[in-house]
Amino acid sequence: MTAPVLEIEGLNVVYDTPGGPFHAVRDVSFSLASGERFGLVGESGSGKSTTILALMRMLRSGWVESGKVRLNGRDLLAAPASAFRQLRFAEMSLVPQGAMSSLNPVLRIADQIADIYDDHGIRWRRGEQIEAMRNLLARVGLPPTVLGFYPHQLSGGMKQRVCIAMSIALRPTLILADEPTSALDVMVQKQVLATLGRVQRDLGASVLLIGHDMALMAHFVDRIGVMYQGSLVEMGSVRKIFADPQHAYTRMLIDSLPSFNRTRRRA
Amino acid sequence: MTTALEVSDVDVVFASGIGGRLRNMALRNITMAVGGERSSITAVVGQSGSGKSTLIRLLLGVQAATRGSVSYAGRPLHLMSRKEQMMFRREVQAIFQDPFDVFNPFYRIDHALLAPLRNFGLVASRDEAYAEIEQTLKVVGLEPGQTLGRYPHQLSGGQRQRVMIARALLLDPAIILADEPVSMVDASLRSTILDILYDLYRVKGISLVYVTHDLATAYQVAETIVVLNGGQVMEVGDAEAVIHDPKHPYTQALIAAVPSPDPDIPWNLEADPAEKLHEVDATIEQVLFRVDPLRAIAGPPDRDGEKTTIAKIQQAVSDAQDVAK
Ligand SMILES: Nc1ncnc2c1ncn2[C@@H]1O[C@H](COP(=O)(O)OP(=O)(O)O)[C@@H](O)[C@H]1O
Ligand SMILES: Nc1ncnc2c1ncn2[C@@H]1O[C@H](COP(=O)(O)OP(=O)(O)O)[C@@H](O)[C@H]1O
Ligand SMILES: [Mg+2]
Ligand SMILES: [Mg+2]
């Protein structure tokens, strides 16, 4: 068995709030194998985003109180800032919550992608960079013309694909995706999720997908972790979680799913 | 018997570009009814941009029809007297996707609930208002003591949406128009909110229009489902029939896009639900043809067959339910 891509052990995250320190993530531990898809579910406020923002060193007014995080065997929390910057996008990348609105409105898509290459000091020969960007967009099912567009010229689904393209620009081993489809309608949601699945497979990367829709998770990930009030209360394979949920909250998540076999009418 | 809100052969066109030369038909050939002899609960389903919010705004009287008319209790909205308008604005209430937009962040929740009661002169005193409010909050499953006195940001998205429903209920409406009321609410709380809406229909006889992009939640509550695409109706019919035997490729695509709650039922992620849609061109005019007693699907106007409307199918579905009882 190969070593895990990501290992989190006893992670605790605290925010500074006007009412005093707020313990948002409590003693969370899990790991991701190479090529694995792992889903983190839970209601809003349960600490899902905080967990991955901690990994990305993107916490605002918050800090990691204790815990260990290893990415491909390396101690992530101890890595100096310069080393960490190199690792972002290259080893681990994030499609942030509300990613569509995080695109820079005044930069063409080409320039936003080029920024990632520049940040990592990648030098291209003439014409190579544009070719790389075209290939990148093709991987997420977008035509090369998108490179010349500004974000407002794209639909929600297209913007989300651009965000996925940016996250894989440097072929990371781990993609963190925070509710990448929750602002999209069901049809576009399926297309975007399929895109994420395809690039994950092509790259052989692992994916940590955050969401609150158990049905969607069930059809995408291998294993699910359920967060409740900052703690990881349950973890297991999709089949095991659905067949035999242990925690009352997990049961509620599953029981409340709408189904084409059940309706309030005639109930 | 409730008052009917009726849309008669309406188009809504948005013009843009130089001299308004680009015409975007946000709604086309729409004839439907809300309420009437019997209360109704109708879901309108479609992708983003299909015209759902335009339809809600049309029903609310804040979006003018380019062609056709909208009337309430038999009176065209644009011809109503001030007094009739007052009645319309009280009896027809709306709930929107993000309740946060509706609340003023600087006022306590109480403000959003007191204001409409006062504006319509429905209460004689503050005590009477609070008695009404507390009772209504309980109807939507909120504890008054844990809701009143708080600020909007101190409530969860699901709680805010319930407050919005309570706010509508305080005015004793005949009709509630709900535009994606659960799209921004946690999946686990959606069914609770839909249950509340369904009970308003069943217990209080309030007629509902429920707008969503998700056929699964539409099926939870609606008796009639209307499938909208590019401003036109692709399919309309009894909820059971539309879900379990969809006739139009667009409806089939919407159903294929919904992940089953059973992980063992394959979803086939790689199969693009929109793949079948190359034959669906929403820019060509379509009209509704009845394909069975409780259902109609879109087709070109020159085709043979019985032409019908959403309103007629709604009526047939409603009649069939009376017979079943
Ligand atoms: N910058 C912040 N300062 C203070 N509290 C925060 C901050 N960000 C998030 N929180 C709180 O931390 C908890 C977890 O939030 P979050 O990780 O965003 O949850 P989720 O992603 O599961 O919805 C919530 O109670 C939230 O209000
Ligand atoms: N006020 C407006 N001005 C111009 N175009 C509009 C306006 N409102 C909606 N539209 C257009 O009408 C179509 C339907 O939009 P909408 O009713 O918001 O769809 P939905 O709610 O189904 O997403 C879209 O093409 C949209 O761009
Ligand atoms: Mg989050
Ligand atoms: Mg809308």
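User: Helices here are DSSP runs of H or I with at least four residues, and strands are E runs of at least two, numbered from the N terminus. Which one gives the largest share of the shell around ligand 2?
Analyst: α1(B), with four residues. This is a predicted model, where local features need pLDDT of at least 70 and side-chain atom pairs count only at pLDDT 80 or more, while totals for chains, interfaces and linings use all residues. Residues are numbered from 1 along each chain as written, chains are lettered from A and ligands numbered from 1 in the order written, and side-chain values use heavy atoms, leaving out hydrogens and water.

User: Which elements supply at least two shell residues each?
Analyst: In chain B, β2 (22–34) and α1 (52–60) do.

User: And which residues surround the ligand?
Analyst: Among them are Phe14(B), Asn24(B), Gln47(B), Lys52(B) and Thr54(B). A residue is included if one of its heavy atoms lies within 4 Å of the ligand.

User: How does the shell split by class?
Analyst: Two nonpolar, eight polar and two charged residues. Ala, Val, Leu, Ile, Met, Phe, Trp, Tyr, Cys and Pro count as nonpolar, Asp, Glu, Lys and Arg as charged, and the others, Gly among them, as polar.

User: What does the side chain of Ser53(B) do there?
Analyst: One of its polar atoms lies 2.8 Å from an oxygen atom of ligand 2. A polar contact is a pair of N or O atoms within 3.5 Å; within protein, one must be able to donate a hydrogen and the other to accept it, and residues adjacent in sequence count only if both atoms are side-chain atoms. Gly51(B) places a polar backbone atom 3.1 Å from a ligand oxygen, and a polar side-chain atom of Arg57(B) is 3.4 Å from a ligand nitrogen.

User: How much of the ligand is buried?
Analyst: The protein buries 60% of the 560 Å² that ligand 2 exposes when taken alone. Those areas come from the Shrake-Rupley method with a 1.4 Å probe.

User: What area goes under?
Analyst: About 3700 Å² is buried between the chains, with carbon and sulfur atoms giving 59%. Buried area is the accessible area (1.4 Å probe) that two parts lose on being put together, summed over both.

User: How many salt bridges?
Analyst: Three between chain A and chain B. One of them joins Arg239(A) and Asp264(B), with closest N and O atoms 2.7 Å apart. The term needs a side-chain nitrogen of Lys or Arg within 4 Å of a carboxyl oxygen of Asp or Glu.
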